[in-house]
Amino acid sequence: MHDQTLTPGVYMAEFSSAAELNSAVRVLSGHGYTLLETYSPVPLTPGIPRRRSRLPIVVFIAGLLGGAASYAIQWYANVYSYPLDIGGRPAHAVPAFLIATFEGTVLCASLAAFVGLFVVARLTRPWNPVFEIDGFERATIDRYWLAVNPADKLTVPDPTPGDLRRLSPLRIVRLETQS
Amino acid sequence: MGALFPRWTNTAARAMLIAAACTFAGIPVALMAWVRTPNATRQYKPVDQPIAFDHRIHVTGQKIDCTYCHFTVERSASAGIPPSTICVPCHDQRWMESSVLEPVARSIQTRQPIKWNRVHTLPDFVYFNHAIHVAKGVGCETCHGRVDQMASVYQSAPLTMSWCVSCHRDPAPSLRPTSAITTMGWTVPASRQQLGQKLMHDYRVRQMTNCTTCHR
Amino acid sequence: MSVSRAPAAATKSESFPLLKGNEGDAALTDHLLASLWSTPRAWWLLFALSSLGTLLLLATVTYTVVRGIGTWGNNIPVAWAFGITNFVWWIGIGHAGTFISAFLLLLNQRWRGSINRVAEAMTIFALVNAGLFPVLHLGRPWFFYWLIPYPATMNVWPNFKSALPWDVAAVSTYFTVSLLFWYLGLVPDLASARDRAPTRTRRLIYGIFAMGWRGSGFQWQRYRIAYVLLAGLATPLVISVHSVVSLDFSITQLPGWHSTIFPPYFVVGAIYSGLAMVLILLIPLRRALNLYDVITRKHLDAIAKLMLTMGLILTYSYVMETFMAWYSANTAERYTYLVSRPFGPYAVTYWIMTLLNVVSPQLFWMRRLRTNTVALFLISGGILVGMWMERFIIIVTSLNRDFLTSSWHTYFPTWVDWGLLAGSVGFFGFLFLLFVRWVPSVAISEVKELRQQQAPARLAGDHDA
Amino acid sequence: MHDHHDDDLTRRTFLKALGASVALAGLDGCTRIPAEKILPFVDEPAEFTPGVPVHYATSMMLDGYATGLVVEANDGRPTKIEGNPDHPASLGAAGILEQASLLQLYDPDRAKFVRSGTSASTWSDFAHAMAPAALRQRVGAQGAGLALLLEPTSSPLVGDTLASLQRLYPEMRVHYYAPLVPAAASAAFTEVAVIPQYDVHAADVILSVGADFLASGPFHLRYAREFADRRRAPLAGMNRLYVAETGFTVTGATADHRLRCRPREIEPFLESILATLAAASASSSDGWALAVASDLRAHSGASLVIAGDHLSPRAHALVAAINMALGNTGHTVWYVQSPLLGAGQPSVTLPPLVAAMRSGAVDTLVCIGGNPSYMTPRAVGFSEIMRRVPNSVYVGLHENETARDARWFVPAAHYLESWGDARAYDGTYSIVQPLVQPLHHGKSAVEVLLAMTGAPAGHSLAMLRSTAARIGVASDDAGWSTALRQGFVAGTASSRIPATPRPELLARAVPATNSAAGSVDVVFMPGACVHDGSFANNGWLQELPDPVTKLTWDNAALIGPGTARRLGLDTGDPLLLRHASETLTIPALIVPGHPNDVATLHFGYGRTGAEGVAKGVGTNVYQFWPTMDEFVISGVSAERAPGVARTDFAITQTHWTMDGRDQARSDTLGNYRASQRNEKTPQRTPLTIYDPQRRLESPIQWAMTIDLGTCIGCSACVVACQSENNIPVVGRDDVAKSREMHWLRIDRYLEGNEDNPQVVTQPMLCQHCENAPCEYVCPVGATVHSPDGLNEMVYNRCVGTRFCSNNCPYKVRRFNWFDYNDEISETERMARNPDVTVRGRGVMEKCTFCVQRIREAEISAGTNGRTFRGTDVTTACQQSCPTNAITFGSLTEPDSAVMRRREESRLYDVLAELGTEPRVRYLARIRNPNPDLESG
């Protein structure tokens, strides 16, 4: 589950350790839940399937473009726009141009990685439905939350609270706000 | 307790980030655009002079050649700002008593120069030489515009370095026969490029883009 | 932050534990955030001191800009002196930050986790100082932007054959990437601060900078990708920046500058001085914030070993460039390396530099000294001074006696030169103190993660003797 | 160049304004300049075109003798002084003093007002008070109470004016005084007022005894040229120069053999030469004297011995006798009557006047020019005596020391402001033509004298024309204009007269005075740059490094290394000299090659007048000078002055050896001749990864060749460059920090041992490298290459990284550490060359090969439809060089002088191994040592 698509009706369970959360994910996945998301103060690798990130390819392309642009600017300035006789060196000085080209590559790639992350991870939004949960603050300190979207268990009655309760979380909250 | 930030801050935050990015990139772009405007280059602004000298009357009406008053243009770096006495041969005593010419009369009487306001200003590190441009077939009109149509003279060219350099790189399109140097509204022949090439050859015009051409 | 590999088995053979203590995560977080909520008196004292330094910097900068660069001691032949020495020194110091945070990240050196924040902050503040000097040392600093390619109405451009536009590209890129990297690393901790801040205002402020971080699995996963990407980009960058800076010298013909060994030599020297600065900052910080559990002897030991390594490589460089000067049989080269530097007017700096950069790190062969904070602090301070002198020697003793003996002339710094150097140190301290006060100075989430990974080992038994 | 407007101010403020306005106005280099006014002429002047410089011939009188000059005026302001190629004293060159006199014209410290007592007055009041009607009341009908004190002058106009004044006041006294115009030379002869003239060109062997004939004295420019002409082609009859001297002079530095000797050794040395020449066989015990004598004898009739002005009459007599014995008289040396007014008459010197003043016989003293209150020994007490004179007048450029002692003060006119005349050293009649109206209403000597005769104002030109007519200028206007255009009248040189050295001088051998052990001799010499002190207020000259010591903004006691060791002194340490009742504390300067137990002191410093530049610079040596006309004293006790701080000299070259490098090459004639037989050195192929055949596209390729063999290091080129290129004066402190701005400097290297070193002087300027190291390191392209081979420096693009200087192996780039041009007065701004940008703070500058001259010549050829040639351009340094050591032209013109010189095998590039391919190339100095002395 994508953490930006929290819908009303999502259950949030709070755990006191990463191990509990990890096993909770394992158990629920075993039950067939796929729309799961974790919230934790440290990165976890609980095995929730996710889309392959496009960030590396974006960064790669941005780097290529940055390098090409840097080289092009230098070539335009020193070779095409106003070539000058400088120290008897050729106007098109490939080795000299490579340094700024490298720097331009790294700069654009880095900017792409940074901005790209903020875009894909929706880090520009100070508000999120989960923040409406009292006590969610500890998700960045020492508590581990699991979000379960019952949408993929559309049986009636909703089995999710029961499934969650069996994992004995500290508490379970039902999300009421649309993201 | 609820969330620290209300929901609308999501929109606000993104809007502010985009605005900041646009400002950051926009200011230099705007500045670079602005320095190219006539406002920044002081083009097309008629300059008031102590005497309401009207080039239209003298050039178009009386058909006086530019070099009659600006008579050092062919031998000096400076085209020459005419001395007060140059008015006298044409404007006789009666004219001199008119209020329009009063500053000229006063200048001649008191031996004090007339304080003209400069229209075409180059920085002091730029050494422009009128004589060589005239000798190589650059007409008055090419840089000064249609002075014959100006009530008060204004700067018609941007006088930026890139403007100078564009012609120094490719002089041919700006050349004319030396016989037409002072002609206003010179009719460009159909074979402009051909003529330019011919004049380049005849007047031994070179591309002069090295720095000491102008900066010494 | 570390890449997801199994904890290194090597920890077993290490003598010192990486982390100590058994506080809970909440207590640990509060411990590490404590400096954000309270201001000890010592901080105020240091802050006042560094503010004075900052004022000195402002005063000397203003004086330089108003009166002209002639207020410095520079002359012809010594057209570069303190200004560029300071620039190279500061930018060199900056290198250790990136080295620790990016290079060691890629090498999966977990011990970097507790100290990378401080190191990165140091990088940024060092770069702020470093960036000041190239602009200030210009005869007409208000035209600094002529080094940047932009479409001017003059239709003229920077000359990309010169090393200085390379510098502009390298330093500005380095600064930008370092800032991004640092900020990226901060985001989870800013969120912690947001969620732990005692007042609403502080929560709001940290909340704005945390940008809505909530630690979801998706965020963490993308975050790690971006972080490793940036680390991967920063690593060649850190090598390139001081290499480019060294090209300022090695593209010239000047004896003492004209040397192909310069890029690696400069990079090593940079990291060397940077590590020294890290220790200078960490040792008091560790004490002031009671970070003994987080920044352990293991860290100090590792840094000291690295410094010893860098010191040895640097020594090799010194020997090599001197040997090459002799081997070249070039009169001017030989004079610079074999006469002017060891016996010329600045010989004192040469021998002090040798003592501090070559001899003093040899003490780190002794394990006891590698973990003795007093020794570490003193030797690091010495290396910082020595590395400053190295740049001074490279710049000034090459220029003051070059090819034509008729132009030989000595250089003496003026009070403005000293004021700028002292002021920049003060300004660095000023920024660092603000950093300590406002920003978590240890990467909390990384420490917590590391503790979790180490938990089985720690439970199995403490190695600490 | 610009339209005629008040461009000085804007040019000055421009770069500063640029900084502020651009930073504010936006990211661009083109600036918004505040609205300017243009002031045209009311009436177009006939004689010039605005914006086109005009040249006038004139003359400058120094110590009584004229040197012909050509002065360039831009829009009415004199901006550059060059030599008059046709004038016998100049031959086209101009010395440092002549060139720098331009700055004197614009000196902001020049007096501007007539003063009477302490209150302001006017010229008409003065003229009234001095008119015969009023003055007779004071000085008596015969003028017995009237005394005039003038500088030595050869001006016939002054002579005529004095004659007419003398008719009014028959008993008037006229005296002449300048400290450096001694009568020793003429006192050596039985005939009255005889001065020697030389043909240096005809001399194969020259012995100079204490004579700096190449760099000082009235005909030095001519002699330097004649000397150099015999060294230009070393294989074709090179001359040989021996110098025996005490102080170290430019001539001594140029010598093939230099004998450093104490003053007391000079006469014995001459005696032994004379004796050797007289004897049939060699008899001298002195090997040096023997070798010199035999060399002189081998070139009898074509040798030349020259005696220094400051030597005793006996030394002069001995030298004359030697020349006679060698048969040189009439060939390389002859004698003429001195053209100085009153020459040879002891009654017109200063001592009789002092005596008269002391006795109260003088009621009115009119002192015109000079500065006797400063330039006389303290023992004379001139200042006090002058104050006691009831009515004293001083006419001078400045309110100086003498002005303070005078009741009346009248600002003097500069020679570029007044009509006048003078004779050259050989008697050639030269005209002083003004270029400007007096800037401060100054009056010339003639005008003051004429006022005293009661003649109407404006009479001086008429008077001059009548004087000129008497001398031979056609009295019609055409003849007058011809004379003005030429600047002198050919064929007016004095005729030769016989001269006999006084036999009693030759006979009487003065017993050597045995002075107390440990005492030193002291030699007094003019300051190389400020002369007798009259040029002390000239920034160009104060900052011009002394050609020998490279000292600026100071004088010092020059001592030899041995004396320094004995006294425990280092350079800058204070030396206390004691002689009779006088003491002098002066910092010492160790000069290799200076004789031991001698201290050389330079006049002209320690000024206390109202001159802002000169004030407080150096030490006043006149205070210590015991007797006028005596330039050597012995028995002076010397010690380190206790309790006096060290002086940090502003010396531009602190390292005097080449440390085994070979930038300034020299060799002996023998070796050079031998090398000719060998194969020519193979053409060096540049090591480059680029196309070595790269040609710059312009048909003209500028290049310069400098002949170290003829460069004597006189520094005329340095001043020429400073004047031509608006180079600022930075002041003592900045010179001490090695921040002097000279685009062209003279490097001086010493080789051999410190007691008797060989000297090579090397003009060092931008080498205009084809592969210029400065260019590729400039981040903004402010220094680039032009198609005609110039290394261009674009001030307005420079941001001031100074990277170019770091990478310049020749260190010829100069940086504006401060806004040096901002502190310059309004009048000094008028001295500026309008064709050269005035540089603001923070930009680099350097030699441009006088690109303004190149471009002007190019434009001039273009507008006139001529083909532009390399020979159309003369650089300022080349123009001013007395020895023609510098040639300039195009590589593409094989017949040009610059290329012909490059065929010599002594051609080399400085630091060729760096592959910079400099366009300035040097010819190694070839010395012509006497083989007999070489081995010993």
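Does L338(C) count as buried, partly exposed or exposed, and at what relative accessibility? L338(C) counts as partly exposed, because its relative accessibility is 30%; here buried means under 20% relative accessible area, exposed means over 50%, and partly exposed lies in between (1.4 Å probe, protein chains only).

Before going further, a word on the model. This is a predicted model, in which local features need pLDDT of at least 70 and side-chain atom pairs count only at pLDDT 80 or more, while totals for chains, interfaces and linings use all residues. Residues are numbered from 1 along each chain as its sequence is written, chains are lettered from A and ligands numbered from 1 in the order in which they are written, and side-chain values use heavy atoms, with hydrogens and water left out.

**A nonpolar patch on chain C**

L338(C) sits in helix α10 of chain C. Helices (H or I, at least four residues) and strands (E, at least two) are DSSP runs, numbered from the N terminus. L338(C) also belongs to a nonpolar surface patch, together with F323(C), M324(C), W326(C), Y327(C), V339(C), F343(C) and W351(C). The accessible area of this patch is about 850 Å² in total, computed by the Shrake-Rupley method with a 1.4 Å probe, where for residues only the protein chains shown count as cover. Patches are made of residues with over 30% relative accessible area and no salt bridge; like charges are joined within 9 Å, and nonpolar side chains (Val, Leu, Ile, Met, Phe, Trp, Tyr) within 5 Å. Both α9 (297–328) and α10 (331–343) of chain C supply at least two residues each, and α9(C) gives the most, with four residues.

**Where chains C and D meet**

Let us turn to the interface. The contact (heavy atoms within 4.5 Å) takes 57 residues from chain C and 65 residues from chain D. The two chains bury about 5,100 Å² between them, 56% of it on carbon and sulfur atoms. Buried area is the accessible area (1.4 Å probe) that two parts lose on being put together, summed over both. On the side of chain C, I76(C), R140(C) and L404(C) lose the most area to chain D, together 15% of what that side buries.

Across this interface there is one salt bridge, a term for a side-chain nitrogen of Lys or Arg within 4 Å of a carboxyl oxygen of Asp or Glu. K811(D) forms a salt bridge with D402(C), with the closest N and O atoms 2.9 Å apart.

**Salt bridges inside chain D**

The whole structure holds 65 salt bridges over all chains.

| Pair | Closest N to O distance |
|---|---|
| R110(D) and E417(D) | 2.8 Å |
| R230(D) and D204(D) | 2.5 Å |

How many residues apart are R110(D) and E417(D)? They are 307 residues apart, so the pair links distant parts of the chain; R110(D) is buried, with a relative accessible area of 2%, and E417(D) is buried at 5%.

R230(D) lies in the loop between α7 (220–229) and β11 (240–245) of chain D, and D204(D) in the loop between β9 (194–198) and β10 (205–209), so the pair ties together parts 26 residues apart in sequence. R230(D) is buried at 14%, whereas D204(D) is partly exposed at 23%.
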